[in-house]
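Reader: I have just opened this one and have not seen it before. Could you walk me through it slowly?

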Amino acid sequence: MFGKPKKNEQLEMKLKTLQMNFENNYKDAAKLNYEEYWTLLENLSKDGTLKEKQKEYYQERGEALRKQMDNFNHQNNVKTF
């Protein structure tokens with residue numbers, strides 16, 4: 001309770017949707033969700049909805065996803081017939 005910031009429902013839902021699309025190999029949807037995540041994070045930060053610790057927490061989560069998303073394209077996981 002003390003070390004973690006309170007979670008933001010909107011961002012958590014966006015992360016769950018992104019993870020679901022990523023796991024189901026829906027590349028275009030996952031990329032779109034990833035972009036929407038960053039846009040939502042920026043908007044919530046600008047309007048003061050997020051506290052500084054929350055902002056840092058969600059930026060770290062987004063950066064962790066960046067490594068997965070960098071090589072996430074249609075050529076991955078394509079098997080020859």
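Author: Let me begin with a term: a residue counts as buried under 20% relative accessible area, as exposed over 50%, and as partly exposed in between, using a 1.4 Å probe and protein chains only. Of the 81 residues of the protein chain, 28% count as buried.

Reader: Thanks, and what kind of model is this?

Author: This is a predicted model, in which local features need pLDDT of at least 70 and side-chain atom pairs count only at pLDDT 80 or more, while totals for chains, interfaces and linings use all residues. Residues are numbered from 1 along each chain as its sequence is written, and side-chain values use heavy atoms, with hydrogens and water left out.

Reader: How many helices and strands does the protein chain have?

Author: The protein chain has three helices and zero strands, where helices are DSSP runs of H or I with at least four residues and strands are runs of E with at least two, numbered from the N terminus.

Reader: OK, how do α1 and α2 cross?

Author: The axes of helix α1 (residues 9-23) and helix α2 (residues 27-46) come within 8 Å and cross at roughly 165°; axes here are lines fitted to C-alpha atoms, for helices over the stretch in contact, with angles from 0 to 180 degrees between N-to-C directions. The two helices α1 and α2 are therefore roughly antiparallel to each other, a label for angles over 145 degrees, whereas those under 35 count as roughly parallel, 65 to 115 as roughly perpendicular and the rest as oblique.

Reader: Which residues of α1 and α2 meet there?

Author: On the α1 side they include L11, L15, L18 and F22, and on the α2 side Y34, Y37, L40, L41 and L44 are among them, with contact meaning heavy atoms within 4.5 Å.

Reader: And what about α1 with α3?

Author: Their axes, those of α1 and α3, come within 12 Å and cross at roughly 15°, which makes α1 roughly parallel to α3. Among the residues making this contact are L11, E12 and F22 of α1, together with Y57, R61 and M69 of α3.

Reader: Changing topic, where is Y57, and what does it touch besides residues up to four places away in sequence?

Author: Y57 is found in helix α3 (residues 52-70), and, leaving out residues up to four places away in sequence, Y57 touches P5, K7 and E12. Y57 and P5 are 52 residues apart in sequence, yet their C-alpha atoms are 7.4 Å apart in space.
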